[in-house]
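Trainee: I have a new structure to read. Where do I begin?
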Amino acid sequence: MSKLLEFSKVEAGYGPLTVLHGVSLEIHAGERVCLIGRNGVGKSTTLKTIMGLTDRRSGTLSWDGADITRSGTVARSRMGIGYVPQTRDVFPSLSVEENLIAGLRSRPARDVDRAYRLFPRLHERRNNGGAELSGGEQQMLSVARTLLGRPRLLLLDEPLEGLAPIICEELMHAFDTLSREEGVAILFVEQKVQEALQFAQRAVVLDHGAVVHEGPTSELLADPGIVDRHIAVADAPA
Ligand SMILES: Nc1ncnc2c1ncn2[C@@H]1O[C@H](COP(=O)(O)OP(=O)(O)OP(=O)(O)O)[C@@H](O)[C@H]1O
Ligand SMILES: [Mg+2]
């Protein structure tokens, strides 16, 4: 597998606050990686830093072998990094379909159809306003909008947060389809540790802005003690 993203010894934060203290991680083409850890350890900050949305103090980032340390957020997304933030950004006053085509100059109808195939629920509600959608539907729309940019790497920040089990299953099924059928690499931040471990091939555990464990998810599934040691809050029931 070729190296898609390399994040090397990165220190980053917000203004005077340093959150990431020398984090390194790699994602290969088509790989599924989960990033887990307690609240406030820097998971979202890691994704934001990959998108160039934090203050980076040191360290480097490369994409497909090219140095992107100084590239802006828009350039990174055009290169193929898709980011679905924890906040589920949808335009409340626009319909589902308008949300999908908003702000994009030329959007082939087949890309919108592809989004609907992945999330049939959005097709059923294509004329509904963004504000009328359930939390799960908003999450699907947020993911679908990001996919219209045809990312090769999808950064998902707690996509299952606060959602009913049936909706979580639909989302996980869509992520699985993207990964298996289209080879999209996925970096998945999730508090639902079991779901994350079942989905990903490799896990990275963060604590206090540093990587404290990294390895195949099979290792963590076989030895729950590793997760318990690093993540006391472990898998709270949904
Ligand atoms: N925009 C911001 N400005 C200043 N500090 C921030 C900002 N966003 C996050 N922080 C701080 O950075 C630290 C790490 O936050 P981050 O959002 O990365 O954690 P997280 O691991 O994603 O947590 P959670 O599981 O709660 O989503 C926290 O102490 C948080 O208060
Ligand atoms: Mg977060």
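Mentor: Begin with a sorting rule. Ala, Val, Leu, Ile, Met, Phe, Trp, Tyr, Cys and Pro count as nonpolar, Asp, Glu, Lys and Arg as charged, and the others, Gly among them, as polar. Keep in mind that this model is predicted.

Trainee: How does the shell around ligand 1 divide into nonpolar, polar and charged residues?

Mentor: The shell around ligand 1 holds four nonpolar residues, seven polar and one charged. Among its members are Y14, L17, V19, N39, K43 and Q86. The elements giving two or more residues are β2 (17–28) and α1 (43–50). Helix α1 contributes the most, with three residues.

Trainee: Next, the core. Which residues touch the most other members of the largest nonpolar core?

Mentor: That core has 61 residues, and C34, L35, A144, L153, L155 and F188 touch the most other members. Take L35. Not counting residues up to four places away in sequence, L35 touches K43, T46, L187, F188, V189, V204 and L206.

Trainee: Now a helix. How many residues of α6 are buried?

Mentor: A residue is buried if 20 or more other C-beta atoms lie within 10 Å of its own. In α6, 12 of the 13 residues are buried, so this helix is largely enclosed by the rest of the structure. The buried ones include G136, M140, A144 and L147.

Trainee: What covers the buried residues of α6?

Mentor: The cover includes β6 (81–84), α3 (96–101), α4 (109–118), α5 (120–124), β7 (153–157) and α7 (165–182). Helix α6 (residues 135–147) reaches 18 Å from its first C-alpha to its last, close to the 18 Å expected.

Trainee: And in the loop between α5 and α6, is L133 buried or exposed?

Mentor: L133 lies in that loop. L133 has 22 other C-beta atoms within 10 Å, so L133 is buried. Leaving aside neighbours within four places in sequence, L133 is in contact with R125, N128, Q138 and L141. The C-alpha atoms of L133 and S95 are 9.6 Å apart, though 38 residues separate them along the chain.

Trainee: Last, the sheet. What is the order of the four strands?

Mentor: Strands of a sheet pair through backbone hydrogen bonds, either parallel or antiparallel. Here the open sheet runs β2-β1-β4-β5, with antiparallel pairing. Strands β2 and β5 (66–67) stand at the edges with a single partner strand each, so one side of each has no neighbour in the sheet.

Trainee: Over how many bridges do β4 and β5 pair?

Mentor: Strand β4 (residues 55–63) and β5 pair over two bridges, in the antiparallel sense. Find S62: S62 stands opposite D67 in β5.

Definitions and conventions: Residues numbered from 1 in each chain as written. Chains lettered and ligands numbered in written order. Predicted model: local features only at pLDDT ≥ 70, side-chain atom pairs only at ≥ 80, totals over all residues. Near = placed C-beta within 6 Å. Core = buried A, V, L, I, M, F, W, Y, C linked by C-beta atoms within 7 Å. Contact = placed C-beta atoms within 7 Å. Expected span 1.5 Å × (residues − 1). Pairing = 2+ DSSP bridges.
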